[in-house]
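Subject: Structure handover

Hi,

Here is the structure I promised to pass on to you. Please open it next to this message, and my notes follow below it.

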Amino acid sequence: MNTPQLVTFVLSLSITHIACANNQALPDPKKTEIWEPEPQVVSTFNNVPSDAISLFNGQNLSEWQHGDGTEVQWPIVGNAFTIKPGTKGIKTKQQFCDMQLHIEWRSPTIDPNKSGQHLGNSGIFLQGRYEIQVLNSYQNRTYSNGQAGSIYKQSAPLVNASRPPLEWQTYDIIFTAPKYDSQGQLTQKAHVTVLHNGVLIQNHTEIQGSTRYRGLPEYPSAYECGPIHLQDHGSKVSYRNIWVRQL
Ligand code: MG
């Protein structure tokens, strides 16, 4: 072996030694792999997930009832239904806790004699208690924590993503129900994330309690899951394409 060959040989030995030492110091990547459980396969058809429960797909309102248990009186026209003012709200027959909810809504024509909270007011009550406001908030100022996408009288939306009346709008809502211990004491408040027409307007916002017109929100003592409730506030708001995924 001549001198250059010897230098090359010594260098290659050193590199091999360093590589071996480095490999020994590195953690095994398999130790951080989690294989079970494998996430369930969910496909989508017309943007509706295959594991979603359809609450209204344009056919009928059999998943809903009025507060007194009677059949829904709200008329279906085309693939949507519209609030019949004065008939009181409707609620799902099924109960829900943690969920992903998709719902589309449309404000009616503007009544020039009305403004603020009286223009296209409705609401989506999660677990029957926490209202995500539905309102025509397009060029219609009202208190910020009462406009479209607010947690009513609690948290204003991050931005105003409202479209003009008569245009369809979407809410995608991710709701985490409050948690209670075995004594019925609240251990974790509810949280909600809302996308309005695809725009984030509530980002894992903490809900302070049942939404109220008067007075401060409060959590009642422990309770079960609840229905999704659509408010009749005297406006002919329309709804369509409603589905929910239980989480
Ligand atoms: Mg309302």
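This is a predicted model: local features need pLDDT of at least 70, side-chain atom pairs count only at pLDDT 80 or more; totals for chains, interfaces and linings use all residues.

N241 is found in strand β17. Although N241 is not a glycine, it has a positive phi of about 45 degrees. For background, most residues other than glycine have a negative phi, and most peptide bonds are trans.

Q139 is another residue to look at: it is not a glycine either, and its phi is positive, near 55 degrees. You will find Q139 in the loop between β10 and β11 (168-176). With a relative accessible area of 74%, Q139 is exposed, since the exposed class begins over 50%.

There is also a cis peptide bond, running from E36 to P37, with omega near 0 degrees. P37 sits in the loop that lies between α1 (3-25) and β1 (44-45).

The largest pocket holds about 240 Å³ of space. It is lined by 16 residues, and those closest to its centre are V48, F56, N57, N241 and W243. By residue class, the lining of the largest pocket divides into seven nonpolar, seven polar and two charged.

The second largest pocket has a volume of about 180 Å³. Its lining consists of Q117, N121, F125, E131, Q133, Y152, T211, R212, Y213, Q231 and H233. Sorted by class, that lining has three nonpolar, six polar and two charged residues.

**The sheet around β9 and β10**

An open sheet of five strands runs in the order β4-β7-β16-β9-β10, and its pairing is antiparallel. The edge strands are β4 (64-66) and β10 (130-134), each of which pairs on one side only.

β9 and β10 run antiparallel and are joined by five bridges. Across this pair, F125 has E131 in β10 as its bridge partner; both F125 and E131 also belong to the lining of the second largest pocket. The two strands β9 and β10 form a hairpin with three residues between them, and in the turn Q127 has a positive phi of about 55 degrees.

On the β16 side, β9 (residues 122-126) pairs with β16 (residues 229-230) in the antiparallel sense over two bridges. Here I124 stands opposite L230 in β16.

How many of the five residues of β10 are buried? Five of its five are, so that the strand is mostly covered, with buried meaning under 20% relative accessible area. Both faces are covered: Y130, I132 and V134 are buried on one side, and E131 and Q133 are buried on the other.

**The nonpolar core**

The largest nonpolar core has 41 residues, and W64, I124, Y171 and Y239 have the most contacts inside it. At least two residues of this core come from each of β3, β8 (99-106), β9, β10, β11, β14 (191-196) and β17. The largest share, four residues, is supplied by β8.

I103 lies in that strand, β8. Its relative accessibility is 0%, and I103 therefore counts as buried. I103 and L55 are 48 residues apart in sequence, while their C-alpha atoms are 9.4 Å apart in space.

**Domains**

Finally, the overall layout. The domain assignment of the chain gives domain 1 (3-32) and domain 2 (51-246). Taken over C-alpha atoms, the centres of domain 1 and domain 2 are separated by 62 Å.

Over to you, and thanks for taking this on!

Best wishes

Definitions and conventions. Residues are numbered from 1 along each chain as its sequence is written. Side-chain values use heavy atoms; hydrogens and water are left out. On a 1 Å grid over the protein atoms alone, a cavity is a set of points where a 1.4 Å probe fits but cannot get out, and a pocket is an open set with protein on both sides within 12 Å along at least five of seven lines; lining residues have an atom within 4 Å of a point. Grid points are joined across faces, edges and corners, and a volume is the space filled by probe spheres set on the points. Ala, Val, Leu, Ile, Met, Phe, Trp, Tyr, Cys and Pro count as nonpolar, Asp, Glu, Lys and Arg as charged, and the others, Gly among them, as polar. Two strands pair if DSSP finds at least two bridges between them. Domain bounds come from an automatic or database domain assignment. Buried means under 20% relative accessible area, exposed over 50%, partly exposed in between (1.4 Å probe, protein chains only). A nonpolar core is a set of buried Ala, Val, Leu, Ile, Met, Phe, Trp, Tyr and Cys residues joined through side-chain atoms within 4.5 Å.
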